[in-house]
Amino acid sequence: MTLLDALKRPEYTGENRCPPCTVVNAVVVAAAALALGFLWIPAGVIVLGLGALAVYFRGYVVPGTPSFAPGLVAAVGLAGVFGHDEDEPRKSESLDANVDPEVMLSTLLDAGVLVEEPDGLFLDDDARAEWEDTMATLRKGSDDELADAVETAVPFEAEASPEYDGIGLHGPDLSVWLSRTQAIADVATLYTVIERGVDPMVALAATEPIRMFAEVCPSCGGALEETTTRDCCGGTASIYDSPEQEVLACEECGSVVYEFDEE
Ligand SMILES: [Zn+2]
């Protein structure tokens with residue numbers, strides 16, 4: 001038995017490898033390497049190398065991974081990618097994608113879509129101008145034209161059509177209903193972000209977070225305000241469970257542009 005054989009754990013590698021475990025561990029290793037790399041680059045490189053080898057030969061590095069990784073991965077919506085999802089096509093409220101948020105953030109910063117200032121993250125001025133121009137063009141179109149724009153913009157095969165005052169998008173792997181406001185913002189995001197050289201799947205993942213940076217209503221061009229669903233959008237009789245849900249909404253038409261995470 002060689003040293004390498006001693007290190008290998010066939011029960012967690014090869015055909016027995018658990019994809020969610022590998023992904024969770026790869027993310028943990030990458031995050032640890034990145035954190036250390038900020039302090040001292042060689043330390044980051046060593047952790048990345050050793051961690052990757054360990055995940056490759058031993059299946060996982062984080063103790064107890066097989067007991068929690070599949071559940072964790074399912075909770076963040078990655079499960080569908082690994083073919084364990086035998087349910088109906090996934091229903092979703094937005095155009096999400098299975099992209100690591102850290103990767104998405106660094107990609108958007110590198111592409112100049114977002115800029116990091118001492119007081120936070122901002123949408124780059126040129127990117128904002130193009131995003132708002134595209135939204136202005138899209139909002140003039142009919143629902144049918146918007147549906148066509150959604151179908152063309154998304155980086156996967158799907159059919160879009162006007163549904164329940166919004167746009168329904170149906171593909172082999174997922175079904176999404178987007179409000180007109182979301183659809184206008186997200187199509188404009190896809191155009192603006194992909195044009196800056198960002199991978200289309202990363203751009204897809206960016207559609208929801210980018211809406212947080214909106215300053216005008218995608219639907220009507222009105223001003224936006226941070227409020228709660230109690231004070232807009234149909235109040236407590238609306239689709240929201242919690243009247244105190246904080247949202248970015250239009251002062252004029254009441255469209256919800258972004259829902260802030262509950263604390
Ligand atoms: Zn509006």
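**Entry 1: helices α8 and α9**

I looked up where helix α8 meets helix α9, and I found that Q182, A185, D186, T189, L190, V193 and I194 of α8 touch P200, A203, L204, A206, T207, I210 and R211 of α9. Contact here means heavy atoms within 4.5 Å. By class, this contact has 9 nonpolar, 3 polar and 2 charged residues. I noted the classes: Ala, Val, Leu, Ile, Met, Phe, Trp, Tyr, Cys and Pro count as nonpolar, Asp, Glu, Lys and Arg as charged, and the others, Gly among them, as polar.

The model is predicted: local features need pLDDT of at least 70, side-chain atom pairs count only at pLDDT 80 or more, and totals for chains, interfaces and linings use all residues. Residues are numbered from 1 along each chain as its sequence is written, and side-chain values use heavy atoms, with hydrogens and water left out.

I then read the geometry: α8 and α9 (residues 200–211) pack at about 135 degrees, and their axes lie 9 Å apart. The axes are lines fitted to C-alpha atoms, for helices over the stretch in contact, and angles run from 0 to 180 degrees between N-to-C directions. The two helices are therefore oblique to each other; angles under 35 degrees count as roughly parallel, over 145 as roughly antiparallel, 65 to 115 as roughly perpendicular and the rest as oblique. The crossing of α8 and α9 is right-handed, a term used if the near helix is turned clockwise from the far one by less than a right angle, with left-handed used if anticlockwise.

**Entry 2: helices α6 and α8**

I next examined helix α6 (residues 125–140) against helix α8 (residues 180–195), which pack at an angle of about 135 degrees with their axes 9 Å apart. That angle makes α6 oblique to α8. The crossing of α6 and α8 is right-handed. On the α6 side the contact includes W131, and on the α8 side it includes A185 and T189. I recorded 9 nonpolar, 3 polar and 4 charged residues in the contact of α6 with α8.

**Entry 3: residue T189**

Is T189 buried or exposed? I found T189 to be buried, with a relative accessible area of 1%; buried means under 20%, exposed over 50% and partly exposed in between (1.4 Å probe, protein chains only). T189 lies in helix α8. Leaving aside neighbours within four places in sequence, T189 is in contact with W131, I194, A206, T207 and I210. The C-alpha atoms of T189 and V113 are 10.0 Å apart, although 76 residues separate the two along the chain.

**Entry 4: a loop with positive phi**

Most residues other than glycine have a negative phi. Y164 sits in the loop between β4 (159–163) and β5 (166–170), and it is exposed at 72% relative accessible area. D165, also not a glycine, has a positive phi of about 65 degrees. D165 is in the loop between β4 and β5 and is exposed, at 73%.

**Entry 5: cysteines and the whole chain**

How many disulfides does the structure hold? I counted 0 disulfides, a disulfide being a pair of cysteine sulfur atoms within 2.5 Å. C217 is buried at 0% relative accessible area, and C250 is buried at 3%.

The protein chain has 9 helices and 9 strands; helices (H or I, at least four residues) and strands (E, at least two) are DSSP runs, numbered from the N terminus. Of its 263 residues, 40% count as buried.
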